[in-house]
Amino acid sequence: MSADNHKATRNAHWRDALAVQRASVERVRPLQAEGKLRRVVGLTLEAVGCEAPVGSRCMVAGADGKQLETEVVGFSDGRLLLMPTGEMHGVLPNARVTPVASVSGIPVGDALLGRVIGPDGVPLDGMGPLLARDRAPLRRDPINPMLRQPIDTPLDTGVRAINSLLTVGRGQRIGLFAGSGVGKSTLMGMMTRFTNADVVVVGLIGERGREVKEFVDHTLGEEGRRRAVVIAAPADAPPLSRLRGAQVATAVAEHFRDQGLRVLLLMDSLTRYAQAQREIALAIGEPPATKGYPPSVFAMLPALVERAGNDAEGRGSITAFYTVLTEGDDYRHDPIADSARAILDGHIVLSRDLAEAGHYPAIDIEASISRVMHSVVSKDHMRAAQRFRQVYSAYRQQRDLIAVGAYQKGSDPRTDEAIALYPRLSAFLQQETDTPVYLDEAEAGLVDAARAN
């Protein structure tokens, strides 16, 4: 071997050795300065003597020897503002606060199908550990709006009223506006079981703990659960957990979309997500703006919603339904409902009057709209839907006069026609919870229901 070749071989050896040593050094965790807990106000903990970026985790030593996990939500005057991710108890003054390098991402993959997990990725269903090898980031950069594929294909939900009059496109984001006890969870369960999506991701955010089990066992059922992932952050969870639960559900849906699958994301509810952010923002001193909601709430809503939709390659999609709770059944003056209507691609309103009359699903067709329906259905379908709405609305506008017998037959030909057709229209909008009505059947029934006698 020549001297030049020997020298080159030796240099290559040292370069490789240096690369190995550099990689090992980079894997070493840097020293973290420990701090002390100085103040606790409500759910906010203030620590001094340590530094950590917003969104990172810190462990607070408890009196019983256990560690309380917290997340950095802000800083002020040299103090870190922390909020617990679990129940806060046993915390003492001057407790040791240690910044930690949290595990990046959340577990994802086919191992999640059929499972119920918490916002921390820990299984809640008692079916053993979660054997998911892949991990995905909790937050991702938004898709370039000029690269996002258009919505041009319908998604079959199996619900006749939605398929016929509020047709949903694959990749659409739509709001489900409802008060309590009007069939919101039942409608979500129907879509979960009947939709032609490949994967269903359900985020139960801020709901009662009892409802989580009922939704999984009864509303979702064995059939719907096989292809579903449920992320549950019940009402008694800290606000950070509820906030993270919605983000985890969206990240899981994004992972399956990246695999080229059609994903149905059901988030119940967007209102609880906003309320969790309000609790955090007010606790760290952000001033309230609109009806007690700080400005950060209205910045985080579109940031979450815009993550759903079609991807840039045109392979996968996330069709998302976000429930919005309306206080007193008035969705017109609620700031969260108003903001949701502005950023979503349509809204479905559930009516308490219809629910009390035994009309299920209690969808108020007059108050509901799908903004992409014209792009995903035929012209004949669109004309039939418009005629249905016209006749149905004509009856509803005169229903008080009709109910008391004040309307005289022959006064208005359109109203006369509406009176004759209304029983057929009302029956068309109702559906048994265990009987799917798919898109083709719904379209054919729509044309027949709106046909003049």
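Which helices do the buried residues of helix 11 pack against? In this predicted model, the partners are helix 2 (160–165), helix 9 (352–356), helix 10 (373–376), helix 12 (399–404), helix 13 (413–429) and helix 14 (439–449). The buried residues of helix 11 are His381, Ala384, Ala385, Phe388, Val391, Tyr392, Ser393, Ala394, Tyr395 and Arg396.

The domain assignment divides the chain into domain 1 (35–99), domain 2 (106–376) and domain 3 (381–450). The centres of domain 2 and domain 3, taken over C-alpha atoms, are separated by 30 Å. Domain 2 contributes 26 residues to the contact and domain 3 contributes 24 residues. Between them, the two domains bury about 2300 Å², with 60% of this area on carbon and sulfur atoms. Of the area that domain 2 buries against domain 3, 29% is supplied by Arg160, Leu165 and Glu366, more than by any other three residues.

Glutamate 366 forms a salt bridge with arginine 396, with 3.6 Å between the closest N and O atoms. On the side of domain 2 that touches domain 3, helix 2, helix 3 (184–194) and helix 10 each supply at least two residues. Helix 2 provides the largest share of that side, five residues.

Technical notes: Residues are numbered from 1 along each chain as its sequence is written. This is a predicted model: local features need pLDDT of at least 70, side-chain atom pairs count only at pLDDT 80 or more; totals for chains, interfaces and linings use all residues. Side-chain values use heavy atoms; hydrogens and water are left out. Buried means under 20% relative accessible area, exposed over 50%, partly exposed in between (1.4 Å probe, protein chains only). Helices (H or I, at least four residues) and strands (E, at least two) are DSSP runs, numbered from the N terminus. Contact means heavy atoms within 4.5 Å. Domain bounds come from an automatic or database domain assignment. Buried area is the accessible area (1.4 Å probe) that two parts lose on being put together, summed over both. A salt bridge is a side-chain nitrogen of Lys or Arg within 4 Å of a carboxyl oxygen of Asp or Glu.
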